[in-house]
Amino acid sequence: MAVVELVAAIAALREHCPWTGALTHESLVEYLVEEAYEVVETIEAGAAGSGGVGPGSPDELRGELGDVLLQVVLHARLAEEHGRFAFDDVAHGLYAKMVRRNPHVFKADGSLQETFPATVEEIEQKWDAVKRAEKPERADPFSGIPAHLPALARAQKSLDRAARAGLPAGPNAVVAAVGIPGIPATEDALGELLLAVVAAAREQGFDAERALRGAVRRYQGSVDGSS
């Protein structure tokens, strides 16, 4: 019922609020990105041990998730106004995808399997197999990684994809070549190391984000070409 009320409220705003009525898919992009990052910030503030109110609290997270949901409902409403699809189509499509891509949990009719896999590795194998069957034209293991991801996230995702595809993780050899003795034992220490690298890059006049984007592109090209 709450979702129905929300969808109806957004439809009314589109009709009667000049600001909301002027929104487009393109103009909403900046808000979608901003709201997603605010969810990340709230989650990480909670993980850092903040109290029951304020940043990182359940109430804060609930509100930020609502802001992300607003973006989904707005985009769906815009599409509905152009006769493309509606919010229900988004929800039904997502449900069908979850059933289809998780055969280790669901049968084809959406009911539960009698038994379930015991390991994450088995789940990932099934997930990857289903995705390959859905889109056999995607031979490139890096296909589908958003080009606009921040460079560090794109690097992590690319290495994950390569590992799951059984491809060589070439950058491991670079660690010794550039004189890094090893990866720190904690995330905090790793963060300090990354910050130090960015600081050193800045001192040399380099753009660390652009440099890493280039390195990821070269890595994807070399690995894809060798597979």
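The cavity search gives one cavity of 30 Å³ or more. A cavity here is a set of points, on a 1 Å grid over the protein atoms alone, where a 1.4 Å probe fits but cannot get out. Grid points are joined across faces, edges and corners, and a volume is the space filled by probe spheres set on the points. As background, rolling a probe the size of a water molecule over the atoms shows where empty space is left.

Before going on, please note that this is a predicted model, in which local features need pLDDT of at least 70 and side-chain atom pairs count only at pLDDT 80 or more, while totals for chains, interfaces and linings use all residues. Residues are numbered from 1 along each chain as its sequence is written, and side-chain values use heavy atoms, with hydrogens and water left out.

## The cavity and its lining

The largest cavity holds about 30 Å³ of space. Its lining is made of Val7, Val73, Ala76, Arg77, Glu80 and Phe87, where a lining residue has an atom within 4 Å of a point. Helix H4 contributes the most to this lining, with four residues. Sorted by class, the lining has four nonpolar, no polar and two charged residues; Ala, Val, Leu, Ile, Met, Phe, Trp, Tyr, Cys and Pro count as nonpolar, Asp, Glu, Lys and Arg as charged, and the others, Gly among them, as polar.

## Salt bridges

Two of the lining residues, Arg77 and Glu80, take us to the charged pairs. Arginine 77 forms a salt bridge with glutamate 80, and both lie in helix H4, three residues apart, about one turn of the helix. A salt bridge means a side-chain nitrogen of Lys or Arg within 4 Å of a carboxyl oxygen of Asp or Glu, and the structure holds 10 of them. Three are set out here.

| Salt bridge | N to O distance |
|---|---|
| Arginine 14 and glutamate 81 | 2.6 Å |
| Arginine 77 and glutamate 80 | 3.5 Å |
| Glutamate 114 and lysine 107 | 2.7 Å |

Arginine 14 lies in helix H1 (residues 2-16) and glutamate 81 in helix H4 (residues 58-81), so their bridge ties together parts that are 67 residues apart in sequence. Salt bridges also link Arg14, Arg77, Glu80 and Glu81 in a network.

How accessible are these side chains' residues? Here buried means under 20% relative accessible area, exposed over 50%, and partly exposed in between (1.4 Å probe, protein chains only). Arginine 14 is buried, at 13%, whereas glutamate 81 is partly exposed, at 35%. Arginine 77 is partly exposed, with a relative accessible area of 23%, and glutamate 80 is partly exposed as well, at 36%. In the remaining pair of the table, glutamate 114 is exposed at 62%, while lysine 107 counts as partly exposed at 29%.

## Aromatic pairs

Two aromatic pairs turn up in a search of the whole structure. One of them joins tryptophan 19 and tyrosine 31, edge-to-face, with 6.3 Å from centre to centre and 65° between the planes. The rule pairs rings of Phe, Tyr and Trp (its six-membered ring) if their centres lie within 6.5 Å; planes under 30 degrees apart count as stacked, over 60 as edge-to-face and the rest as tilted. This pair links distant parts of the chain, 12 residues apart, with tryptophan 19 in helix H2 (residues 18-21) and tyrosine 31 in helix H3 (residues 25-47). Tryptophan 19 is exposed at 55% relative accessibility, and tyrosine 31 is partly exposed at 28%.

## Two further residues

Glutamine 220 sits in helix H10 (residues 208-226) and is buried, with a relative accessible area of 12%. Leaving aside residues up to four places away in sequence, glutamine 220 touches Phe142, Ile145, Arg154 and Ser158; contact means heavy atoms within 4.5 Å.

Glycine 66 belongs to helix H4 and is partly exposed, at 32% relative accessibility.

## The chain as a whole

The protein chain has 10 helices and zero strands, helices (H or I, at least four residues) and strands (E, at least two) being DSSP runs numbered from the N terminus. Buried residues make up 19% of its 227 residues. Among contacts with a separation of 6 or more, 52% are between residues 24 or more positions apart.

Methods: 1 Å grid on protein atoms, 1.4 Å probe; cavity = no way out; pocket = protein on both sides within 12 Å on 5 of 7 lines; lining within 4 Å.
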